Amino acid sequence: MYRIKKLIPLFKKEKIDGILIENLYNIRYLSGFTGTTAFIIVTPKKNFFFTDFRYKGYVQENLPPHFAYIDTSTLRSEGFAEFLKDQKIKKLGFETEHVKVNQYIHWGKKLKKVSLKPINGIDLMLRISKTDEEIDKIIHAQRCAEDALKKIIKNLKPGKTERQISDEIEMAAFNYSEGFESRISFRPIVGFGANSAIPHHQNTDKKFKKGDVVLVDMGFIYGGYCSDMTRTFFTKKPSDLEAQIYNTVLKAQEAAIKHMKIGNTGGDCDKIARDIIAKAGYGKNFGHSLGHGIGLEVHESPNVGPNSKDKLVEHCVITSEPGIYLAGQFGVRIEDMIHVTKKGPVNLAKFPKKLEDVTIKIG
């Protein structure tokens, strides 16, 4: 119920009578529901959960008591308008970020006597600050991913393709299947050699050969919560340029992490890392944001990028992932998840990242 209460200030601030929640991650956060079709109406006095007959049995067994269940299979569009009238909802707020234009037009036509009010930042309000239980799930997902990556890198052999390594990561998630659902936060990114210089590289059949730089970006899911980690490996002694680039990225990442404190903005943190990389002469080679929030979604609030005004709050979890990419040569990205606490930033990643730790021997 405390999660629903986070929305209460909106009623007075936005002068609304109800809030429509359609984003499935927000629905899961508020109700625990993991199905594919549902929406929620929150009012100052009652909360209503709508889904169809496919989930009726599950919902009746598992829906928290502070929700009233309504079967949409028996509720026509006119019936929904009557429902809003019965609940005295004349002004209905909705999640700006998650309602498409055609959907907005549809609601407007069906609910002619109801004023629709777009509301920004509901995700931020609900999910930016994590509970101890949520943090524990993120950490568990991270430890499983770290264990899998250690085994996969240890078994890296010439001739294996990027797609094969990505598949091995996905399959490894099944070894930690208890509590997993989708198992991976996203399709793993594996880049060999020059492909490591493509930030969101799409895996290919390129074969690994000894001496390639190897970039791996991956994450597992535990109990619905995501992890996210990137490591760049060297499979021969790094050249002077490779060592310089790697240590510059590591310096930028660590400096930004130290700045990830309550009250600082995502833009503040991004600037710390970006300035270090620019000073080293590689500003144009760092073209993406420093990081992002993470939780039920692998990318969620707060934004940790250039000029972001999103403030870091206690118990938010964000990534720090600066990179330098030299097109046609190689790229370096290092990514950890950071828990923002009153005592300062806590790095949730334990996977080694010093240059000597990521320089590996290939048999």
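A cavity is, on a 1 Å grid over the protein atoms alone, a set of points where a 1.4 Å probe fits but cannot get out, and its lining residues have an atom within 4 Å of a point. The exercises below use a predicted model, in which local features need pLDDT of at least 70, side-chain atom pairs count only at pLDDT 80 or more, and totals for chains, interfaces and linings use all residues. Residues are numbered from 1 along each chain as its sequence is written, and side-chain values use heavy atoms, with hydrogens and water left out.

**Exercise 1.** Find how many cavities of 30 Å³ or more the whole structure holds, and describe the lining of the largest cavity.

*Solution.* Begin with the search of the whole structure, which finds 1 cavity of 30 Å³ or more. Next take its volume, which is the space filled by probe spheres set on the grid points, themselves joined across faces, edges and corners; for the largest cavity this comes to about 30 Å³. Then list the lining, which is made up of L20, F94, V99, Y104, W107 and L116. Finally sort these residues, counting Ala, Val, Leu, Ile, Met, Phe, Trp, Tyr, Cys and Pro as nonpolar, Asp, Glu, Lys and Arg as charged, and the others, Gly among them, as polar: the lining has 6 nonpolar, no polar and no charged residues.

**Exercise 2.** Decide why helix 3 (residues 24-31) can be called largely enclosed by the rest of the structure, and examine both of its ends.

*Solution.* Helices (H or I, at least four residues) and strands (E, at least two) are DSSP runs, numbered from the N terminus. Buried means under 20% relative accessible area, exposed over 50%, and partly exposed in between (1.4 Å probe, protein chains only). In helix 3, the buried residues are N26, I27, R28, Y29, L30 and S31; because 6 of the 8 residues are buried, the helix is largely enclosed by the rest of the structure. At the N-terminal end, N23 caps helix 3, with a side-chain oxygen 3.1 Å from the backbone nitrogen of Y25. Just after helix 3, G32 takes a positive phi of about 85 degrees.

**Exercise 3.** Describe the backbone at P302, N307 and H315.

*Solution.* Most residues other than glycine have a negative phi, and most peptide bonds are trans. The peptide bond from S301 to P302 is cis, with omega near 5 degrees, and P302 lies in strand 13 (residues 300-304).

Terms used
A polar contact is a pair of N or O atoms within 3.5 Å; within protein, one must be able to donate a hydrogen and the other to accept it, and residues adjacent in sequence count only if both atoms are side-chain atoms. On a 1 Å grid over the protein atoms alone, a cavity is a set of points where a 1.4 Å probe fits but cannot get out, and a pocket is an open set with protein on both sides within 12 Å along at least five of seven lines; lining residues have an atom within 4 Å of a point.
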